Amino acid sequence: MEYTQKNPLPLPKTGASEAVASSFDTIFDWEYPLDRENLMALYEKGKSMSWNASDLDWSIEVDMEKLVSERIAAGMNDVMDSLLSPPRKLEARESVEMQLNMNAWMLSQFLHGEQGALVATAKIVMSAPLEDAKFYAANQVQDEARHVEVYHRYLTEKLGCSFEVNRHLQALLDDIISDSRWDMTYLGMQIMVEGLALAAFGLIKAQMPDEPLIQDITARIMQDEARHVAFGVLSLEDVYRDGLTSAELREREEFIIEATYLMRDRLLMEQVYERMGWDVDTWVDWAKSTPFMTGFRRMLFSKIVPNLKRLGLLTPRVREEYAKIGLLEFEDYKDSIEEPDVVAPDELLRIISQLRGEAQPAS
Ligand SMILES: [Fe+2]
Ligand SMILES: [Fe+2]
């Protein structure tokens, strides 16, 4: 594994390393029941579908600036103007820069989320009570290390542009890692963070059909992530089916609601406006109020909501909060057991194709 790091990752304000205190029980399972067929099947699938980062064709030259500039030159700036209605009209050069930064920002947050998944899954190996869950989690640990590897290589060797971890994502990862209750690790990581990532990967794929390396990376990672989310749903279904006390349920509801707001706010991309040298408040207001931007953020919850429903966690309290932010429209979508693979919602694909200049926006 050798590659040239053209641009080391910028560091968050908290510095190059971060210690998060946590205390949880590490569980040995001396009975080794290994009898949950669905989990064991997932474990077998995970092992046989493993791939290596060196399987990818790293000789592909990635010139994102050229790709984006061509789109802008082909009239995409006007489409963006009418669809995104930015606070002011952007020069073609600024549009190119904004898109390059948004793209690098998204991929950088994938990288940081992957590191969170690596650490969280290692914690599951230790804290999950049953051996079959430890087996699968061990398999997932290896997947996540590979995901960190490929995103890091892509960002530092191919893109030449990257961002530090977003503070909302960092806060969420800290919450997940520091929680002592083992099911919260699944709920936070496999259901919320990875559920959102699945929808976001679909977005990246649709956005960059003309960049074969990121297409290959994303397709491979999506396959792995679909298994990871299924692992979370299967594991929690068993636990939650036996019932939670009302106090326990209340804690999980609070956790889901807090995680939802942190994830939604992380997508405001304030780091991009900062780097562009723009007034961050103006642009954050824009991101909060433009129909395109609010629609985009909402759609990233399209896999999370049906999964929560399957787990019995779309309770009146969570529903009330989700109704306020328009997330209940996804409750009848297929969950990760009914449909493990993720298809980006049609509405999202339509917007992306408009942004690529493939069709005129509806007036
Ligand atoms: Fe991952
Ligand atoms: Fe994952």
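## Basis of the model

Because this is a predicted model, local features need a pLDDT of at least 70 and side-chain atom pairs count only at pLDDT 80 or more, while totals for chains, interfaces and linings use all residues. Residues are numbered from 1 along each chain as its sequence is written, chains are lettered from A and ligands numbered from 1 in the order in which they are written, and side-chain values use heavy atoms, with hydrogens and water left out.

## Helices H3 and H4

Helix H3 (residues 92-127) packs against helix H4 (residues 131-159) at an angle of about 155 degrees, and their axes are 8 Å apart; helices here are DSSP runs of H or I with at least four residues, and strands are runs of E with at least two, numbered from the N terminus. An axis is a line fitted to C-alpha atoms, for helices over the stretch in contact, and angles run from 0 to 180 degrees between N-to-C directions. The angle makes H3 roughly antiparallel to H4, since angles over 145 degrees count as roughly antiparallel, those under 35 as roughly parallel, 65 to 115 as roughly perpendicular and the rest as oblique.

H3 passes H4 in a left-handed crossing, a term used if the near helix is turned anticlockwise from the far one by less than a right angle, whereas clockwise gives a right-handed crossing. The residues of the contact of H3 with H4 divide into 19 nonpolar, eight polar and three charged, where Ala, Val, Leu, Ile, Met, Phe, Trp, Tyr, Cys and Pro count as nonpolar, Asp, Glu, Lys and Arg as charged, and the others, Gly among them, as polar.

Serine 108 is found in helix H3, and at 0% relative accessibility serine 108 counts as buried; buried means under 20% relative accessible area, exposed means over 50%, and partly exposed lies in between (1.4 Å probe, protein chains only). Serine 108 and threonine 282 are separated by 174 residues in sequence and by 23 Å in space, C-alpha to C-alpha.

Helix H6 (residues 182-207) has 26 residues and reaches 36 Å from its first C-alpha to its last, which is close to the 38 Å expected at 1.5 Å a residue; the expected span is 1.5 Å times one less than the number of residues. H6 has a kink of about 35 degrees, centred on glutamate 194, where the bend at a residue is the angle between axes fitted to the seven residues ending there and the seven starting there. Of the 26 residues of H6, 23 are buried, so H6 is largely enclosed by the rest of the structure.

The axes of H6 and H8 come within 11 Å and cross at roughly 30 degrees, and the two helices are therefore roughly parallel to each other. The crossing of H6 and H8 is right-handed.

## Helices H1 and H7

The axes of helix H1 (residues 37-48) and helix H7 (residues 212-241) come within 10 Å and cross at roughly 165 degrees, which makes H1 roughly antiparallel to H7. The crossing of H1 and H7 is left-handed.

## Two residues with positive phi

Most residues other than glycine have a negative phi. Tyrosine 32, in the segment before H1, has a positive phi near 45 degrees, and with a relative accessible area of 42% tyrosine 32 is partly exposed. Methionine 269, in the loop between helix H8 (246-266) and H9, has a positive phi of about 60 degrees although it is not a glycine, and methionine 269 is buried, with a relative accessible area of 4%.

## Tyrosine 273 and arginine 310

Tyrosine 273 lies in helix H9 (residues 270-276) and counts as buried at 0% relative accessibility. Arginine 310, in helix H12 (residues 304-310), is partly exposed, with a relative accessible area of 31%.
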